[in-house]
Amino acid sequence: MIEARHLRILRAVAGTGSFSAAARELGCTQPAVSQQMKALEQSAGTPLLIRTGREMRLTQAGEALVRHAAGILAGLTAAEEEVAAIAGLRAGRVRLVSFPSGSSTLVPTALAAMRAAHPGTRISLVEAEPPRSVEMLREGDCDVALAFRYAGSGGGDDADGRGPAGEWEDLVVRPLLTDRLVGLVPQGHRLAGAGRVGMAELAEEPWIAGCPRCRRHLVEVCEGAGFTPRIDFATDDYPAVVGLVGAGLGVAVLPELAVESVRAKGVSTLVVEPAVEREVVALTLPDLARVPAVAATMAELERAAAR
């Protein structure tokens, strides 16, 4: 294998015409230059220099290698500079995927902080709910995934979005916050001023359900309270959920992050008992966690969640 250091020595020898002059130019000894040239010729499998007395002349193979060496060494120098810039957060990119309520609450604060501290780092954002967002991370389609899972969701599989307890064992998990679900009822509802509500008190109500993952969890929570919810409407759009509740078409439970991200017009929020919570985390792969820009993004997401 031809090494970059050998190419640098070959260029110096070709340019100066001797081992001793090349050694002076490179700041090393003449025997070291001679040894490195022998190693390069062994790697190439053919003579590169013809020695005639004190003079050196390149063979045809030597001329070809010197001709290519300039581009190779220039490319290596450029690569070294680019890697150094990325390592120093003067450049680089991070591909972030987030669920919608995280995109509108945690992500803007984190990305604004990243841009202020590291303007050379480019961050892109796409939206996806887990488990799809976690699949994107494992498939190499993103570098950081903002995800969630419901506390106490044992068993199950990725088809229903919960996954077994060890679903993230192969990932670096940065806990961000615990997001409690709150109840939403129309402002004129009989429970609007109650402040707190037990799930069983909503057994006879029509329901507005959210995304498929949240819908499945809603059914589980209601069944745990002794009833099966009558779901009249289902939508992945949180503002639509709030709008439907505000229009008096039903009740709902939403994560606090989701309520924070929309204008809750015409609705009253209630503390749900028993508490229903989801764990919000930032995920990345172990190798990516060592990339400075990824580590900085994870840290800014944690700081945004702490505010």
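The following is a short chat about a predicted model of one protein chain.

Me: How many helices and strands does the protein chain have?
Reply: In this predicted model, the protein chain has eleven helices and twelve strands.

Me: And is it spread out or compact?
Reply: The protein chain is more spread out than a compact globule, because its radius of gyration is 31 Å, well over the 19 Å that the globule rule gives for 307 residues.

Me: What does the C-alpha trace span along its principal axes?
Reply: The C-alpha trace spans about 105 × 35 × 25 Å.

Me: Turning to the inside, which residues have the most contacts in the largest nonpolar core?
Reply: Those residues are Leu146, Trp207, Val280 and Leu301, in a core of 56 residues. Helix 11, residues 292-306, gives the most to this core, with seven residues.

Me: What is Leu301 in contact with, leaving aside its neighbours within four places in sequence?
Reply: Leu301 is then in contact with Leu96, Val107, Ala110, Val144, Leu146, Leu176 and Ala282.

Me: Which residues does the second core include?
Reply: The second core is separate and has 16 residues, among them Ala23, Leu48, Ala69 and Leu73.

Me: What share of the residues counts as buried?
Reply: Of the 307 residues of the protein chain, 43% count as buried.

Me: Now the surface: what does the accessible area come to?
Reply: The accessible surface of the protein chain comes to about 15,300 Å², and 52% of that belongs to carbon and sulfur atoms.

Terms used. Residues are numbered from 1 along each chain as its sequence is written. This is a predicted model: local features need pLDDT of at least 70, side-chain atom pairs count only at pLDDT 80 or more; totals for chains, interfaces and linings use all residues. Side-chain values use heavy atoms; hydrogens and water are left out. Helices (H or I, at least four residues) and strands (E, at least two) are DSSP runs, numbered from the N terminus. The radius of gyration is taken over C-alpha atoms; the globule rule is 2.2 Å times the number of residues to the power 0.38. Buried means under 20% relative accessible area, exposed over 50%, partly exposed in between (1.4 Å probe, protein chains only). Accessible areas come from the Shrake-Rupley method with a 1.4 Å probe; for residues, only the protein chains shown count as cover. A nonpolar core is a set of buried Ala, Val, Leu, Ile, Met, Phe, Trp, Tyr and Cys residues joined through side-chain atoms within 4.5 Å. Contact means heavy atoms within 4.5 Å.
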